[in-house]
Amino acid sequence: MAEDEAASGKKLISASDVVGHASRKDCWVVIHGKVYDVTKFLEDHPGGEDVLLHASASGDATEAFEDVGHSTSAISMMNNYLIGSIKDYVPPSASEATTVGGNDVPPNFRRMAQKKGPPAPNTFLDFLLPLFVLGLAFAAWYYLTFIAKA
């Protein structure tokens, strides 16, 4: 991998070096172990510059980047801002999986919890209640039409 970095002209950057670049005048963001200098892009970012500044200050912005669901054109634009990659990068999901006691929660659990569909139908009441209202309306019509006139 070091040979790939040397061939592409991109440098290896330590995670501690990235921490010092979280201001409006100098903003670096880490996504999937790659470091992007987005200082010139802050004003043009559709989500606003605060989103990138927050992502920069939080360390690895991979999860936040993936949760938004960027377009393919946005992803291809990233190559213009690539300055290097993190030395000895460990993805956030890999570091969480090594916690004591294991991790039985699937990685996309948060996204699954947000996708709530309609509640399970109660077929008996869903059928019976409209039928009861219809019967009540028919009884009222019958009473008002035939019995009340007499």
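**View 1. Secondary structure of the predicted model.** The chain comprises eight helices and four strands, where helices (H or I, at least four residues) and strands (E, at least two) are DSSP runs numbered from the N terminus. Along the sequence, these elements follow the order α-β-α-β-β-α-α-α-β-α-α-α. Residue numbers start from 1 along each chain as its sequence is written. In this predicted model, local features need pLDDT of at least 70 and side-chain atom pairs count only at pLDDT 80 or more, whereas totals for chains, interfaces and linings use all residues; side-chain values use heavy atoms, with hydrogens and water left out.

**View 2. Surface and contacts of the chain.** Of the 150 residues, 19% count as buried (under 20% relative accessible area, 1.4 Å probe, protein chains only). Among contacts (heavy atoms within 4.5 Å) between residues at least 6 apart in sequence, 65% join residues at least 24 apart.

**View 3. Location of His-21.** His-21 lies in the loop between helix H2 (15-19) and strand S2 (28-31). This residue counts as buried because its relative accessibility is 18%.

**View 4. Polar partners and neighbours of His-21.** The His-21 side chain makes a polar contact with the side chain of Asp-26 at 2.2 Å (a pair of N or O atoms within 3.5 Å; within protein, one must be able to donate a hydrogen and the other to accept it, and residues adjacent in sequence count only if both atoms are side-chain atoms). The His-21 side chain also reaches the backbone oxygen of Asp-17, at 3.4 Å. With residues up to four places away in sequence not counted, His-21 touches Asp-26, Cys-27, Trp-28 and Ser-56.

Terms used. Buried means under 20% relative accessible area, exposed over 50%, partly exposed in between (1.4 Å probe, protein chains only).
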